Amino acid sequence: MEPILLTFPDQFETERLIIRAPKPEDWKPIYAAMQASINELKPWLPFARQEQTEMDVQKTTKEAYLNFLSREDLRFHAFDKETGEFVISSGLHRINWDVRKFEIGYWIDTKHQGKGYVTELVKGLTSFAFRELDANRIEIRCDTKNGRSKAVAERAGFELEGILRNDAREENGELRDTCIFAVIEEPKTD
């Protein structure tokens with residue numbers, strides 16, 4: 001099986017979000033959201049610890065578009081249905097097509113934080129992966145100190161399978177531990 005030959009929708013919707021594949025022109029709202037949210041992102045995401053120029057974000061957004069087309073990585077951007085405003089960058093990463101295993105990653109524009117958007121997105125992306133990609137396993141990995149991400153995983157029906165100790169470095173260089181949450185079948189909806 002050649003992943004590049006797989007055909008599946010590049011857009012779907014949840015109650016409040018339009019979730020779609022990246023487009024090269026998405027870099028502008030993503031750059032603005034990164035700049036506005038940088039202090040909240042730095043403790044958890046290595047990319048946020050490095051200065052991101054407009055050119056950097058243009059480049060990574062185009063790369064995300066190409067990687068989506070080649071099926072190497074499936075980044076998705078989520079926009080508010082009513083306003084069209086960018087809300088979340090997410091995706092299905094660290095893909096193993098033989099196993100049909102995916103890892104969900106995400107970050108949210110801080111001004112939309114605390115409204116349930118990330119949980120809504122994770123539930124939608126999980127359903128999409130099982131329905132459209134025939135997923136066998138979906139993971140969410142996060143720092144053990146990242147209470148918000150842990151709560152999202154739990155609300156979305158993921159189970160904590162374990163903790164990788166001394167798995168990565170924090171912003172200050174100290175070693176950190178990583179939670180691994182997973183689902184192997186689509187969680188039942190509320």
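Which residues make a nonpolar surface patch of about 280 Å²? In this predicted model, the patch is made by Tyr 65, Leu 66 and Leu 69. Leu 66 lies in helix α2, which covers residues 54–70. Its relative accessible area is 52%; because the cut-off for an exposed residue is over 50%, Leu 66 counts as exposed.

Helix α2 also holds a charged pair. The side chains of Lys 59 and Glu 63 form a salt bridge, with an N to O distance of 2.7 Å. An α-helix has 3.6 residues a turn, so residues three or four places apart point the same way. Lys 59 and Glu 63 are four residues apart in helix α2 and are therefore separated by about one helical turn. Glu 63 is partly exposed, at 33% relative accessibility.

Helix α3 comprises residues 117–132. From the first C-alpha to the last, its 16 residues reach 22 Å, close to the 22 Å expected at 1.5 Å a residue. The helix is mostly covered, with 13 of its 16 residues buried. Thr 119 is located in helix α3 and has a relative accessibility of 8%, so it counts as buried. Leaving aside residues up to four places away in sequence, Thr 119 touches Val 152, Arg 155 and Ala 156. Just after α3, Asp 134 adopts a positive phi of about 55 degrees.

The charged pairs can now be considered further. Side chains of opposite charge can pair when their charged atoms come close. The count for the model comes to 12 salt bridges. One of them joins Asp 26 and Arg 20, whose closest N and O atoms are 2.8 Å apart; both Asp 26 and Arg 20 are buried.

Another salt bridge brings together the side chains of Glu 103 and Arg 141, at 3.8 Å from N to O. This pair links distant parts of the chain, 38 residues apart: Glu 103 belongs to strand β5 (residues 101–108), and Arg 141 to strand β6 (residues 137–143). Glu 103 counts as buried at 11% relative accessibility, whereas Arg 141 is partly exposed, with a relative accessible area of 29%. Glu 103 and Arg 141 also belong to a network of salt bridges that includes Arg 94, Arg 137, Glu 139 and Glu 161.

Key. Residues numbered from 1 in each chain as written. Predicted model: local features only at pLDDT ≥ 70, side-chain atom pairs only at ≥ 80, totals over all residues. Heavy atoms only, no water. Patch = residues over 30% accessible without salt bridge, like charges linked within 9 Å, V, L, I, M, F, W, Y side chains within 5 Å. Areas by Shrake-Rupley, 256 points an atom, 1.4 Å probe, with all protein chains shown as cover. Salt bridge = Lys/Arg side-chain N within 4 Å of Asp/Glu carboxyl O. Helix = DSSP H or I, 4+ residues; strand = E, 2+ residues; numbered from the N terminus. Buried < 20%, exposed > 50% of the residue type's maximum accessible area, 1.4 Å probe, protein only. Expected span 1.5 Å × (residues − 1). Contact = heavy atoms within 4.5 Å.
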